[in-house]
Amino acid sequence: MPDTATHARPPWPRIDVPDRMHGLLTAVMDLGRDLELPQVLRSIVEAAVSLTDAEYGALGVIDDRQKLSQFLPVGMADELVARIGPAPCGHGILGELISNPTPLRLTDLTRHPSSFGFPAHHPPMRTFLGAPIRVRDEVFGNIYLTEKRGGGAFDADDEAVLTTLSMAAGVAVDNARLYHDSRRREHRLEALGEITRTLLAGTDTDEVLRLIARRAMEVADADLAAVLLPAKPTRAVRTDSGPTDPVPAGAVPSAPVGAGSDNATASTGPAPAGPASTGDLIVRVAHGDSAEAVRGAVLPAYGSLAGLAARTRGPVVSADVRADPRALALDGRTGDEHGPVVAVPLPVDDAVCGALRLSRKAGRPAFDTAETMLISGFADQAAIALELARRRAESEELAVLHDRDRIARDLHDVAIQRLFATGMTLQSATRVIEHPGAAERVARAVDDLDTTIQIIRSTILQLRTPGDDRSGPALRRRMAETVQLAAQHLGFTPSLRILGPVDTGVPEALAEHVLAVTAEALSNTARHARAHRADVVLSVPDPADRLVLTVTDDGIGLGRAAPTGGLLNMRSRATQCHGTLGLGEPGGGGLRVTWSAPLPTD
């Protein structure tokens, strides 16, 4: 019997059997009851199979590339579907309906020129009937029916039934999509409202970013959401696939984003030291499937979709990142559980950009244009959160600086003036004190007041010097730490005075020598001097062309012993800095070490 095929769209289908007409009307009414799109699609193909008495049916959804993005089979057991393998993408007879969206009826599909045959484990099929589903004059997908029960072929009534059902299916799909879009907009508004309230409440930045990732994943129906920010160029992690994101010292990057896709890198230990890299992204927060594994993961600026979104400052969408040439190959140590990916830019400032990245498990639909725009809105919220955090930190720092300046003014205008006046009063009183011992005690009190004034002046200068210098910790602070550390070995705390602009006038290289000499001098005191007191004075006297470090103790002194060990090291450092080392004995005994070096002048 020769193959017969019709491939035309009748102006309006006729159904001559009243029972089938009644069944069709019932099916159309049933389609209008569901508003969830997945259930509507399955109801359509189940109704088509039932009305045409077909053994197998399927519904294929067409994407922007004119390929099948979804394929819903009916009539096959799940085990058989799994054995057949990946769902068809739209070749052969299925592609014939995509390229020519009109009803198609065949008595033997294997004899059609477009037939490619069947994969292994696929049941044999001969008779075929297909029709497109149109939504507002656009082809949404196709209904495919095969193997008319009873061994016959699909007839004109079957084609009329399927054509009529496809028209009703278009309306049902449109209603389901409108319902889905309205629910999604409602959820988006709820999510953005919650995020806005959290931002205004001053919640921690990471907590806000976690909320944004969670709500973006929920609204976009994704399986994993991650916020990626540029890493600080401190220490880099490098893998076989190329340079990756630098991470702070001691950080431990985790498994890749998307369970191995998009070329994320992984590490199982502390980040090794290496050259700084730029432009790479590190996962700041993650929510969803494998979130714990991907938190801290690194994606390179080149060879990842998130990096591409950050570099171009535009959204990037992939139907399957595992086969996308814009992302490097999968890491062999990880799985390939995720396929569809969307990454949108997350501006940090005018020069730096991060990304918000969402992914779905392999086999799920790709992210469409509406979902991409929706996700971009969440990225904007994340950018606002980062900007508010930065402004809040700057405001807090400014408040601290204002407070420190106020304390410095109070110390200068009140404390120092009162101490100075007290010292002047005591000094004038010594002229009328007749008892020599009392006069000497008052003179010592005046000297102590003068020393106290110097200490307060040094404290004022430290308060008015920014505590976090960009080139490293301030020398004043590091000197205090060095002295405190030496106190553990001395058994007492040495006194420390710092005079002059040591934080602004001393280069970092010279500061390292000063700290080393201070530690060496106090170490010598602890080991050899048997001292009960030590005084450290670091000063930059006018005209600020020289730095002088003096370490004095009340121990047994150097005696006639020749300088060795630590004293030679201090002298060597003085020579390196074109300075001098002087050793002397204070009036009450002990040892005074004077280390001096010139300062650079403009």
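User: How do the residues of the lining of the largest cavity divide into nonpolar, polar and charged?

Analyst: Happy to walk you through it; keep in mind that this is a predicted model. The lining of the largest cavity is made of Leu199, Thr203, Thr205, Val208, Ala385, Leu388, Ala389 and Arg392. Sorted by class, these residues come to five nonpolar, two polar and one charged.

User: What is the volume of the largest cavity?

Analyst: The structure holds one cavity of 30 Å³ or more. The volume of the largest cavity is about 40 Å³.

User: Are helix H2 and helix H5 roughly parallel or roughly antiparallel?

Analyst: Let's start with the axes: those of helix H2 (residues 37-52) and helix H5 (residues 156-200) come within 10 Å and cross at roughly 170 degrees. Angles over 145 degrees count as roughly antiparallel. Therefore H2 and H5 are roughly antiparallel.

User: How many nonpolar residues does the contact of H2 with H5 have?

Analyst: On the H2 side, the contact includes Leu37, Val40, Leu41 and Ile44. On the H5 side, Asp158, Val161, Leu162 and Arg177 are among the residues that H2 meets. By class, the contact has one polar residue and two charged ones, and its nonpolar residues number 14.

Conventions
Residues are numbered from 1 along each chain as its sequence is written. This is a predicted model: local features need pLDDT of at least 70, side-chain atom pairs count only at pLDDT 80 or more; totals for chains, interfaces and linings use all residues. Side-chain values use heavy atoms; hydrogens and water are left out. On a 1 Å grid over the protein atoms alone, a cavity is a set of points where a 1.4 Å probe fits but cannot get out, and a pocket is an open set with protein on both sides within 12 Å along at least five of seven lines; lining residues have an atom within 4 Å of a point. Grid points are joined across faces, edges and corners, and a volume is the space filled by probe spheres set on the points. Ala, Val, Leu, Ile, Met, Phe, Trp, Tyr, Cys and Pro count as nonpolar, Asp, Glu, Lys and Arg as charged, and the others, Gly among them, as polar. Axes are lines fitted to C-alpha atoms, for helices over the stretch in contact, and angles run from 0 to 180 degrees between N-to-C directions. Helices (H or I, at least four residues) and strands (E, at least two) are DSSP runs, numbered from the N terminus. Angles under 35 degrees count as roughly parallel, over 145 as roughly antiparallel, 65 to 115 as roughly perpendicular and the rest as oblique. Contact means heavy atoms within 4.5 Å.
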